[in-house]
There are 2 protein chains.
Amino acid sequence: MSELGMRAEKLDAADELAGVRARFVLDAVSDHAAGAAGVYLDGNSLGALPANVPGRLDDVVRRQWGALRIRSWEESGWWTAPERIGDRIAPLVGAAAGQIVVGDSTSVNVFKAVVGAVRLAGEGRDEILVDATTFPTDGYIAESAARMTGCALRPVTPAEVPEALGDRTAAVLLNHVDYRTGRLHDLPGLTSAVRAAGAVAVWDLCHSAGALPVGLDAHGVDLAVGCTYKYLNGGPGSPAYLYVRADLQDRFDSPLPGWNSHAEPFGMRPDYTPAAGAPRGRVGTPDILSMLALEAALEVWDGVPIEAVRAKSLALTDFFLECVAQYVPPGRVESLTPDAHEERGSQVALRCADAGQVMKRLIERGVVGDFRHPDVLRFGFTPLYVGFADVERAARVLAETLRGETLGG
Amino acid sequence: MSELGMRAEKLDAADELAGVRARFVLDAVSDHAAGAAGVYLDGNSLGALPANVPGRLDDVVRRQWGALRIRSWEESGWWTAPERIGDRIAPLVGAAAGQIVVGDSTSVNVFKAVVGAVRLAGEGRDEILVDATTFPTDGYIAESAARMTGCALRPVTPAEVPEALGDRTAAVLLNHVDYRTGRLHDLPGLTSAVRAAGAVAVWDLCHSAGALPVGLDAHGVDLAVGCTYKYLNGGPGSPAYLYVRADLQDRFDSPLPGWNSHAEPFGMRPDYTPAAGAPRGRVGTPDILSMLALEAALEVWDGVPIEAVRAKSLALTDFFLECVAQYVPPGRVESLTPDAHEERGSQVALRCADAGQVMKRLIERGVVGDFRHPDVLRFGFTPLYVGFADVERAARVLAETLRGETLGG
């Protein structure tokens with residue numbers, strides 16, 4: 001065994017989160033060429049299946065829907081699920097209870113948040129700044145929000161935000177971690193700058209929530225959105241969430257005022273009166289099957305401090321970068337992910353010639369990351385279920401693949 | 001057995017759809033006071049569980065998500081599910097393939113459709129007509145759409161629409177079947193009037209799709225939305241759908257242009273280029289668990305012509321009204337549902353003093369309908385699984401409840 005292989009063994013033995021891996025279904029995938037257990041480094045695209053989800057969902061389907069039917073809206077807690085599950089996410093992103101509601105896709109929540117932010121900013125502010133390096137949907141939706149609120153949209157890099165802020169700035173939409181490079185942006189500093197300029201800060205937490213502490217309340221974030229199918233393991237396309245800081249809720253004016261956000265939904269009144277608190281961010285009937293699968297999935301976090309997750313995440317990505325540096329022929333890949341811990345999320349992005357083909361071969365050998373157009377190999381490290389031996393193996397298989405070898409394994 | 005009880009037996013014996021009931025899980029609910037099998041007349045709120053759904057969903061969770069993980073986006077057909085399932089719904093509402101996409105809640109789809117309709121109507125048209133008797137969410141969302149497109153919103157009854165149409169009318173949002181009274185509106189005639197005025201017709205099919213033929217293509221409907229958890233039995237909060245007529249798709253301009261509606265979603269391009277066809281109505285990542293539960297649920301329609309469903313639906317509601325007239329003390333309830341078949345959906349709404357308490361007692365005795373504020377008992381008749389003996393029993397229990405008796409059963 002190599003020196004790095006032995007280091008990996010020691011690191012795994014000392015890993016206080018190692019036991020959490022058993023809360024997931026992970027070893028079912030062994031149908032790749034190498035025959036060995038797979039290494040799943042794509043939890044930043046789709047989190048692995050928590051072991052308690054299938055049984056829970058079966059109960060939701062057979063008993064709650066099949067037997068109790070409409071009674072479940074009350075008896076099984078369906079009606080209050082969006083806020084209840086929001087409160088379950090809250091501690092993971094540093095939010096007190098009562099500020100997060102689950103439902104709809106991330107894109108729909110970006111629309112609510114950006115339009116809501118412009119309305120909170122008030123008259124005379126008619127420019128929206130958006131992270132130019134953002135995941136595309138944020139930019140597309142921000143453009144629609146700008147068009148529909150009479151604002152101009154101005155793409156800037158996060159670093160340019162402080163300079164770009166001004167009296168006209170209504171809202172600023174930023175990503176906490178860049179989906180492509182894995183760069184972690186300065187949420188406390190940028191939020192502070194946005195607020196000092198009298199604008200409203202909207203953060204997209206898709207690539208940070210569940211991987212590192214976010215500190216929404218502590219840093220005075222105004223609005224935030226995030227998905228739940230990456231580091232929160234809610235399942236494919238599981239519902240997203242919206243955070244509206246408590247003191248802004250009374251003025252939050254949603255562009256999607258569906259009946260579920262009414263103060264008295266079953267009053268069936270012709271006039272809209274918004275609910276107080278987090279439920280104001282609801283829209284239509286909540287998608288119960290997906291939502292309760294997510295609720296079960298969040299139980300894997302019981303007793304897991306997000307600070308421990310962050311520490312392990314940095315150790316994993318450090319170790320991966322070290323293994324890559326040692327194993328991969330010089331010059332063959334270039335890391336796009338910052339070396340500095342304070343600038344790194346929980347993924348490593350490697351620029352690589354022929355990245356699409358390389359990722360295909362890695363997946364055939366059981367090392368699952370993903371390819372991002374045009375030339376990026378993306379590897380996500382989910383501290384809840386990825387270990388150091390996984391990391392060493394992934395780097396070794398990557399190096400072998402790049403050398404055109406198939407030795408080892 | 002009463003004469004009506006005997007009639008019910010004969011009607012059930014002659015019912016060509018009687019066998020479809022076995023495709024549902026129905027007899028698990030027997031925990032009401034009377035001890036007999038329940039009568040579920042709330043399929044217009046939440047459809048019963050199709051028997052094939054639990055097994056299918058378990059496979060989606062354990063194999064597709066748990067074992068294949070991200071590979072399922074291609075290998076399990078996750079990516080194309082919204083259009084594929086839309087095409088499965090299409091024949092039930094009289095639409096050719098390629099015009100319906102599944103996803104998001106009904107409320108979100110109403111927003112897409114109404115804003116899209118105003119944009120299709122073009123410059124100079126700045127008024128939206130909305131059904132004043134509508135399910136509240138349609139009115140709330142139409143109001144937001146009006147506000148965000150610079151239109152005025154004008155509530156009218158469906159009967160007033162032809163008179164209210166004019167050069168300024170951009171869009172008209174109507175319900176095919178009124179959620180409260182069960183009245184079926186004249187979709188062909190109203191659509192024709194709206195189009196003749198140069199406006200765009202948007203229909204909400206929540207209470208008609210799966211209960212009666214809609215004929216979207218035949219009647220030249222422009223845009224339509226609907227839920228899937230009522231007569232389509234998709235499960236609690238299952239995703240809704242959007243219909244955009246084929247010849248309007250190139251000009252359909254969604255207010256929610258998420259990355260899933262991009263012509264090249266994985267190009268991750270900063271500029272938005274909308275996809276052609278039905279996928280233009282997509283927004284964010286589809287909610288796969290709920291969506292594939294719906295896909296399984298739609299299999300109960302195999303070999304079931306919607307015309308046969310309509311014929312049985314009318315026979316059921318006729319029979320219920322007859323039983324109520326015979327059993328219930330005169331003057332105790334008043335039907336809000338039209339007698340004329342061409343004006344009746346698949347539910348019967350009875351105005352009744354103390355309706356909330358009455359429904360509570362009915363449910364205790366296993367007859368499940370629902371109460372709609374302030375004084376309506378609502379009974380939905382799903383022809384796929386409700387039989388004539390159910391109908392006779394429901395009317396009998398209602399009469400007994402209203403007389404304060406608990407005899408029979």
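Predicted model: local features only at pLDDT ≥ 70, side-chain atom pairs only at ≥ 80, totals over all residues.
1. Stepping back, you will find an open sheet of four strands in chain A, ordered β11-β12-β15-β14, with antiparallel pairing. At its edges are β11 (333-335) and β14 (370-372) of chain A, each of which pairs on one side only. On average, neighbouring strands of this sheet are turned by 35° against each other, direction ignored. As background, strands of a sheet pair through backbone hydrogen bonds, either parallel or antiparallel.

2. Do have a look at helix α10 of chain A too, residues 306-327, which lies across β11, β12 (347-352) and β15 of chain A. Relative to β12(A), helix α10 runs at about 25°.

3. Now to the contact of the two chains: 64 residues of chain A and 64 residues of chain B take part. On the side of chain B that touches chain A, at least two residues each come from α2 (53-68), α5 (106-121), α6 (136-149), α9 (288-297) and β14 (370-372) of chain B. The largest share of that side, nine residues, is supplied by α2(B).

4. What is the make-up, by class, of the side of chain B that touches chain A? There are 37 nonpolar residues, along with 17 polar and ten charged ones.

Key
Residues numbered from 1 in each chain as written. Chains lettered and ligands numbered in written order. Pairing = 2+ DSSP bridges. Axes fitted to C-alpha atoms, helices over the stretch in contact; angles between N-to-C directions. Contact = placed C-beta atoms within 7 Å. Nonpolar A, V, L, I, M, F, W, Y, C, P; charged D, E, K, R; others polar.
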